[in-house]
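Hello,

Here is the structure I promised to pass on. Please have a look at it first; my notes follow below.

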Amino acid sequence: MSDPHLNLINGAWVPGDHLSENRNPSDLADLIGLYAAGTAGDVTAAAGAAAAAQPGWFAAGPQARADLLDRIATRIEADATDIATKLAREEGKILPEALAETRRAAQIFRFFAGEALRMSGEALASVRPGVDIEVTREPVGVVGLITPWNFPAAIPAWKIAPALAYGNSVVLKPAELVPGTAHMLARIIHEAGCPAGVFNLVMGPGSVVGRAMVEAPQIGAISFTGSVPTGRAIARAAAERMKKVQLEMGGKNPMVVLDDADLPTAVAACLNGAFFSTGQRCTASSRLIVQSGIHDAFVAELTRQMMALRVGPALAPDSQIGPVVSVQQLAGNLSYVDLARAEGCEVVGGERLDLPTEGHFQRPALFLNARNDMRVAREEIFGPCAAVIRVADFDEALVVVNDSDFGLSAGICTTSLRHAREFRRQARTGMVMVNLPTAGVDYHVPFGGTKGSSLGPREQGRHAAEFYTTVKTSYSFAG
């Protein structure tokens with residue numbers, strides 16, 4: 001067993017209240033490591049260090065920030081295989097997906113290295129003679145970042161990178177299930193020369209560390225990705241303290257398949273969107289809304305390909321679907337499989353699988369003959385489960401798409417330019433895909449949703465500046 005993995009506070013590695021085990025969901029006998037669980041006092045120390053370090057970090061200028069982010073990106077690229085292996089072991093994502101995610105993290109840091117040098121402002125004429133106006137952006141200050149378990153490299157990257165690029169300091173709390181990948185990122189950031197206190201890592205449970213971050217007076221903004229109940233609780237607590245918030249909370253994403261769709265394209269998009277990454281993506285296609293004329297052929301081919309997917313350990317070279325992340329998540333998924341039957345669906349697949357290693361394995365599931373008023377079609381399952389809803393035409397499909405408490409991503413498979421155009425205009429979601437999976441986004445454009453999926457400014461791309469900076473308007477009179 002290696003030495004315990006500690007928290008990073010003010011440039012030093014410090015122990016927490018206790019150590020938590022990090023185990024492999026592909027093989028519960030594989031103890032990945034012991035990770036420090038921080039306390040509210042650790043958050044106070046980290047927030048204090050971040051507040052003290054932030055003015056100097058901003059004053060160092062954009063070139064220093066760009067150089068740091070570029071060094072981080074280079075180091076992630078160099079260590080990509082090690083990072084991806086740790087990611088696959090602790091989260092269950094198959095190794096090719098873990099490698100792609102790790103490389104995406106490097107791309108995000110390098111993108112924001114450029115953005116650090118591209119921060120722009122405005123010079124405007126005043127309505128008063130002799131007065132000049134400048135509109136500039138300045139950092140928020142200390143930013144608290146709370147990240148989920150399903151993308152333990154990419155999501156921390158797309159929060160850390162813009163925060164640092166725009167001159168903020170950071171306190172990061174990764175999900176308790178996946179401390180290992182975040183710890184590797186923290187070590188890279190530290191060893192790349194990040195000044196003490198500018199970046200801090202406090203691992204541990206959300207009920208302790210996350211709560212303390214929301215309550216810490218030095219932290220002026222909270223960016224959170226995770227469950228709806230936790231996001232709403234953060235929003236309420238942050239509002240009482242006048243903190244800026246950015247929340248990404250989930251989805252029940254629809255994929256429409258019209259009669260005129262290219263069948264192989266539609267099946268490939270739905271197979272990817274619903275089941276890859278074990279369905280553990282907030283952008284996953286969990287409602288497949290299929291027009292009657294293509295319904296039977298689509299279901300038959302999707303079923304054939306879904307049942308042929310190889311479920312296995314994340315590091316096994318022939319695995320296409322890894323394990324569910326935890327025993328609690330697996331139990332929740334299986335309860336929805338039972339619920340689908342109780343609500344009148346025909347269930348294809350969905351059973352727990354016993355493999356040579358003890359892990360949390362589940363066969364992907366289709367819920368056929370679903371209706372949009374069923375719980376399995378309205379509640380986010382966050383597993384490899386998709387409900388198939390039959391509709392008569394495009395108009396009915398659009399009504400079903402928008403009849404949801406969520407509004408993150410929506411897709412349509414069609415060869416009709418008119419229907420594609422109308423769908424882009426009328427789907428009430430933050431992102432729309434045409435003949436592409438609902439999951440799978442670029443890092444240089446905005447990410448986020450509407451309704452119950454998101455709150456606050458968008459993430460990623462140049463739009464990240466809306467959250468990580470604040471606007472200052474300056475007036476000057478020369479006399």
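How many strands form the open sheet, and in what order? Seven do, and the order is E14-E17-E18-E13-E12-E20-E21. The pairing is mixed. Bear in mind that this is a predicted model.

Look at the edges next. Strand E14 (346-349) and strand E21 (431-434) stand there, each with a single partner strand, so one side of each has no neighbour in the sheet. From one strand to the next, the twist averages 20°.

E21 pairs with strand E20 (residues 409-413) in the parallel sense, over four bridges. Gly411 stands opposite Met433 in E21.

A helix packs on this sheet: H10 (residues 292-308). H10 touches strands E12 (253-257), E13 (285-291), E14, E17 (365-370) and E18 (385-391). The direction of H10 makes about 140° with that of E13.

Now the nonpolar cores. The largest has 66 residues. Ile72, Phe109, Phe112 and Phe199 touch the most other members. Helix H4 (residues 95-116) gives the largest share of this core, ten residues. Domain 1 (7-249 + 453-477) and domain 2 (254-434) both contribute residues, so this core lies between them.

Leaving aside neighbours within four places in sequence, Phe109 is in contact with Leu69, Ile72, Ala73, Ile76, Ala157, Ile160, Ala161 and Ile189.

There is also a second, separate core of 29 residues. Among them are Met374, Ile381, Phe394 and Leu398.

Best wishes

Note on methods
Residues numbered from 1 in each chain as written. Predicted model: local features only at pLDDT ≥ 70, side-chain atom pairs only at ≥ 80, totals over all residues. Heavy atoms only, no water. Core = buried A, V, L, I, M, F, W, Y, C linked by side-chain atoms within 4.5 Å. Buried < 20%, exposed > 50% of the residue type's maximum accessible area, 1.4 Å probe, protein only. Helix = DSSP H or I, 4+ residues; strand = E, 2+ residues; numbered from the N terminus. Domains from an automatic or database assignment. Contact = heavy atoms within 4.5 Å. Pairing = 2+ DSSP bridges. Axes fitted to C-alpha atoms, helices over the stretch in contact; angles between N-to-C directions.
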